[in-house]
Amino acid sequence: MFRPALKVTSRAPPVSSMSWHLPPAGTRAAILAARSSSYNPLHSTPKTSGLVLVQVDVCRRRSIWHAQRGVAPFHYSRPSQGLPLVPMLLGAFKASTTIEVARTAGRIALTFLPFILFKNRWSKKYLKHHDKFHPGEPVDEERKAVLLKRIRSRTVVFNVLLFVPVALFWLAILASAEQTPITGRWRLIILSPEEEDEIAAQLRGPNWHHAVTEILSTDGPPTLIPTTDWRYQWVRDTLRRLEAGIPILQREQELASHWLDTPPDQPPLPPPAEYPLRPRPRAADTMRRWSEGLCGRTSPHSAHVIAGPPYSLLIVDKPDSANAFSYGFGPDGACGVVVYSGFLDNILSKAPSSIISSGYTSQTLPEETSWWTHLFGSLLISPLSPSPPHPVPTEQQTAELAILLAHEVAHLVLSHHLETLSSATIMVPALISMFADITRTLLFPVTMLFGPFVNDAVAQLGKVGSGELTKIGEYCTSVHQEIEADVVSARILAHAGFDARQAVAFWEDKQNAPQAAECSLRGRPETSNSSWAHARQIMGSSHPVNEVRIEKLKSELVRWELEKRVAEKKRIMGEPERSSILGLV
């Protein structure tokens with residue numbers, strides 16, 4: 001690649017017309033003598049020859065000639081400029097089809113591997129024990145060469161059959177590995193951008209309400225609180241207030257000084273995250289930005305890769321359920337929160353207000369009537385009636401509602417639904433299937449002797465075991481996600497103007513309550529809690545998960561305070577304020 005000329009005054013003469021004047025012989029001898037007299041015997045650098053000196057002098061003359069005419073000399077491109085191709089090529093393997101292809105290739109390999117091993121073993125045995133079966137008769141050299149050639153060919157095929165599925169599997173793992181925003185936890189989302197866009201398109205607009213209603217309909221048609229109800233407006237206004245703090249997560253580094261200027265009597269603000277909220281990596285974005293960079297232009301990230309607000313909202317009229325869950329992925333209402341009225345009743349019953357109102361004054365602009373209300377409002381939503389007097393929620397009650405909503409919003413911001421979908425429907429079943437195929441291949445010589453009944457029993461045993469392993473995998477993933485959502489929800493609360501320290505007391509009360517508010521990511525019916533308890537029993541959990549969540553949340557808040565003290569001390573000493581003490585906590 002050529003650099004552009006800095007200043008073009010005249011065309012450079014051709015090389016053939018240029019006269020290169022070499023120094024006379026006496027001058028060259030003087031130069032050689034001066035260089036040889038300054039030679040240090042302690043250095044191991046060999047003496048340069050006169051030809052090298054003349055070439056150096058010629059190169060110097062060329063540089064002076066280019067500088068005088070304002071023309072940059074020729075240079076070569078650095079090899080590192082091809083590095084952006086690596087993530088682009090690796091991103092092609094980030095898809096669920098890669099895992100399926102690797103699984104199919106593994107089954108094909110397991111089909112032919114026993115045959116290849118048997119043939120190679122027979123050929124080697126024939127060459128080794130030929131004298132034993134044919135005494136006095138030497139091995140035909142031509143036949144021996146043919147057998148050795150076949151052994152080598154089958155060995156190559158054997159290695160290729162083993163390498164292809166293993167390579168595809170690990171390429172998919174490497175391409176799908178990414179760090180979770182805010183916390184920096186490594187996770188796997190084995191879904192291509194096209195598959196993620198398809199999921200978002202299926203849940204966009206009123207489709208989210210259809211999907212959630214199907215989940216809730218396992219116990220019968222749900223009864224939904226209408227959007228005109230004061231409870232719905234209360235929850236909606238609190239949710240919109242939390243949504244206003246999400247953009248701050250993307251530019252915490254720019255507001256690094258604000259968290260230090262918070263007075264002691266005000267709720268604390270979190271320090272800038274080491275892994276800020278950014279668009280999730282996509283191979284197409286990397287390729288587009290690299291191409292635009294070569295042309296001197298900048299290319300922004302895709303706007304839809306962050307599942308941002310506004311989120312959809314449903315409130316189920318079910319007084320005996322005091323929980324909530326989040327569901328979905330994508331923009332345009334493709335993800336949202338579902339809250340049960342039992343949770344709202346518990347909050348309002350703790351400290352009932354003496355102020356009674358016949359109407360709720362919304363703190364935000366009224367929302368437009370959704371497609372869901374137009375289409376199915378008269379079927380699944382409670383009949384409208386004159387609004388009776390109701391208590392006005394206090395700030396403390398709103399703060400408790402915000403704590404639960406912030407936890408669910410954190411699930412949406414971190415795209416936990418995609419992670420669970422990838423783990424539960426792609427990764428864990430693929431690993432179990434591969435392990436079962438290998439086990440059945442190894443046991444085939446034994447099961448072959450006992451007929452199909454034993455083989456079917458082994459297959460059935462594998463299905464039962466795979467079901468239990470899937471539950472364990474889902475349980476482990478959910479535990480990490482719940483702890484992560486608690487930590488990130490503290491940041492969302494702080495940026496929305498709430499006191500994140502109140503979340504500790506909130507979750508401690510829920511832990512001791514007879515009906516604890518459980519947060520479910522995928523909206524499982526309550527009857528499935530027994531499977532989660534069984535998974536915990538298999539894992540040997542010595543204490544409830546809620547205790548671990550509370551301790552992690554306390555540690556996060558303590559880290560905020562310690563980081564603030566360190567940053568304030570560095571500000572006084574005139575050092576950079578940003579400092580991380582993650583290794584000390």
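**Exercise 1: Salt bridges**

Task: Work out how many salt bridges the structure holds, and which residues are joined with Arg185 into one network.

Solution. Start with the total: this predicted model holds 20 salt bridges.

Now go to Arg185, which sits in the loop between strand S1 (177-179) and strand S2 (186-188). One partner is Glu419, with the closest N and O atoms 2.9 Å apart. That pair links distant parts of the chain, since Glu419 belongs to helix H15 (residues 416-447), 234 residues apart from Arg185.

Another partner is Glu484, again with 2.9 Å between the closest N and O atoms.

Arg185 has 21% relative accessibility, so it counts as partly exposed; the cut-off for buried is under 20%. Glu419 is buried, at 5% relative accessible area, and Glu484 is buried with a value of 5%.

Finally, follow the shared partners: Glu178, Arg185, Arg187, Glu419 and Glu484 end up in one network of salt bridges.

**Exercise 2: A pair within one helix**

Task: Explain why Arg565 and Glu561 are separated by about one helical turn.

Solution. Begin with the pairing itself: Arg565 and Glu561 form a salt bridge, the closest N and O atoms being 3.5 Å apart. Both lie in helix H19 (residues 545-573), and because they are four residues apart there, about one helical turn separates them. The background is simple: an α-helix has 3.6 residues a turn, so residues three or four places apart point the same way.

As for accessibility, Arg565 is exposed at 52%, whereas Glu561 is partly exposed at 36%.

**Exercise 3: Into the nonpolar core**

Task: Find which residues of the largest nonpolar core touch the most other members, then see what Val339 touches.

Solution. The largest nonpolar core has 53 residues, and Leu242, Val339 and Phe343 touch the most other members. Helix H14 (residues 395-413) gives the most to this core, with eleven residues.

Take Val339 next. Leaving out residues up to four places away in sequence, its contacts include Val235, Leu313, Ile315, Asn323, Leu344 and Leu405.

Two of those neighbours make a handy distance check. Asn323 and Leu344 are 21 residues apart in sequence, and their C-alpha atoms are 9.3 Å apart in space. Asn323 is placed in the loop between strand S3 (312-316) and strand S4 (324-328), and its 14% relative accessibility makes it buried.

Back to helix H14, where His407 is found too. His407 is buried at 0% relative accessibility, and its side chain makes a polar contact of 2.7 Å with that of Asp486.

**Exercise 4: Enclosed helix, surface patch**

Task: Decide why helix H8 counts as largely enclosed by the rest of the structure, and which residues form a nonpolar patch on the surface.

Solution. Count first: helix H8 (residues 207-216) has ten residues and seven of them are buried, so the rest of the structure largely encloses H8. Among the buried ones are Trp208, His209, Val212 and Leu216.

Then turn to the surface. Val156, Val160, Phe163 and Val164 form a nonpolar patch with about 360 Å² of accessible area together. Val156 places this in helix H6 (residues 141-176). The protein's accessible surface comes to about 33,900 Å², and 62% of that belongs to carbon and sulfur atoms.

Technical notes: Residues numbered from 1 in each chain as written. Predicted model: local features only at pLDDT ≥ 70, side-chain atom pairs only at ≥ 80, totals over all residues. Heavy atoms only, no water. Patch = residues over 30% accessible without salt bridge, like charges linked within 9 Å, V, L, I, M, F, W, Y side chains within 5 Å. Areas by Shrake-Rupley, 256 points an atom, 1.4 Å probe, with all protein chains shown as cover. Salt bridge = Lys/Arg side-chain N within 4 Å of Asp/Glu carboxyl O. Helix = DSSP H or I, 4+ residues; strand = E, 2+ residues; numbered from the N terminus. Buried < 20%, exposed > 50% of the residue type's maximum accessible area, 1.4 Å probe, protein only. Core = buried A, V, L, I, M, F, W, Y, C linked by side-chain atoms within 4.5 Å. Contact = heavy atoms within 4.5 Å. Polar contact = N/O pair within 3.5 Å; in protein donor to acceptor, adjacent residues only side chain to side chain.
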